[in-house]
Amino acid sequence: MPLLLKAALIWLGLVLVAGLNGVLRESLLVPRLGLRAALVVSGLLLSGAIFALTLLWLPHLAPLTAARCWAIGAFWVGLTLALELAVARITRGRARLGFTALGQIRAGNLMVVVLLMTLAAPYLAARLLGLI
């Protein structure tokens, strides 16, 4: 199976986890912690989940180099941003996912942190696992 297809399948798993994280945030965290704290906790949980899943699935993308790891991370970020654009377009801006949140760190939204983790996770995981 080609590398990009494998990487895209892993990204779909990350999207599923992000969706579950959103359900957890809205159903459990917001009512108990309030919106701002829930956004922070949710962002940290999602970043941790992205890294953990990358650790689990990255060996399936071997052989790896540092450049290939950064390319995979950039591919995942690109797919994420394309999904955000598609959802915004389909819903005519009614569904606000990550783009509107990018500048809202002071409000507790860690979307920028999540995107940075998505970018760096393949490289960091490969280093930790000794794959590069």
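Contact means heavy atoms within 4.5 Å. Among contacts in the protein between residues at least 6 apart in sequence, 73% join residues at least 24 apart.

This is a predicted model, in which local features need pLDDT of at least 70, side-chain atom pairs count only at pLDDT 80 or more, and totals for chains, interfaces and linings use all residues. Residues are numbered from 1 along each chain as its sequence is written, and side-chain values use heavy atoms, with hydrogens and water left out.

**Whole chain**

Start with a cartoon view. The protein has 4 helices and 0 strands, in the order α-α-α-α along the sequence. Helices (H or I, at least four residues) and strands (E, at least two) are DSSP runs, numbered from the N terminus. Colour by accessibility next. Of the 132 residues, 33% count as buried. Buried means under 20% relative accessible area, exposed over 50%, and partly exposed in between (1.4 Å probe, protein chains only).

**α1 and α2**

Select residues 3-33 for α1 and 35-57 for α2. Their axes are 9 Å apart, at an angle of about 155°. That makes α1 roughly antiparallel to α2. Axes are lines fitted to C-alpha atoms, for helices over the stretch in contact, and angles run from 0 to 180 degrees between N-to-C directions. Angles under 35 degrees count as roughly parallel, over 145 as roughly antiparallel, 65 to 115 as roughly perpendicular and the rest as oblique.

The α1 and α2 crossing is right-handed. A crossing is right-handed if the near helix is turned clockwise from the far one by less than a right angle, and left-handed if anticlockwise.

Show side chains. From α1, the contact includes Ile10, Leu14, Val17 and Asn21; from α2, it includes Leu39, Ser42, Leu45 and Trp57. By class, this contact has 19 nonpolar, 3 polar and 1 charged residues. Ala, Val, Leu, Ile, Met, Phe, Trp, Tyr, Cys and Pro count as nonpolar, Asp, Glu, Lys and Arg as charged, and the others, Gly among them, as polar.

Stop at asparagine 21, in α1. Asparagine 21 counts as buried, at 9% relative accessibility. Leaving aside neighbours within four places in sequence, asparagine 21 touches Ser42, Leu45 and Leu46.

**Arginine 25 and glutamate 26**

Now select arginine 25 and glutamate 26. They form a salt bridge, with the closest N and O atoms 3.0 Å apart. A salt bridge is a side-chain nitrogen of Lys or Arg within 4 Å of a carboxyl oxygen of Asp or Glu. The count by this rule is 1. Glutamate 26 is partly exposed, with a relative accessible area of 46%.

**The loop at proline 63**

Move to the loop between α2 and α3 (66-90), where proline 63 lies. Alanine 62 and proline 63 are joined by a cis peptide bond, with omega about 5°.

**α3 and α4**

Side chains to show include Trp70, Trp76 and Glu84 in α3, and Met111, Pro122 and Tyr123 in α4. The residues of this contact divide into 15 nonpolar, 3 polar and 1 charged.

**α2 and α4**

Finish with α2 against α4. Their axes are 8 Å apart, at an angle of about 35°. The crossing is right-handed. Among the residues in contact are Leu46, Ile50 and Phe51 of α2, and Met117, Leu124 and Leu128 of α4. By class, the contact has 13 nonpolar, 4 polar and no charged residues.
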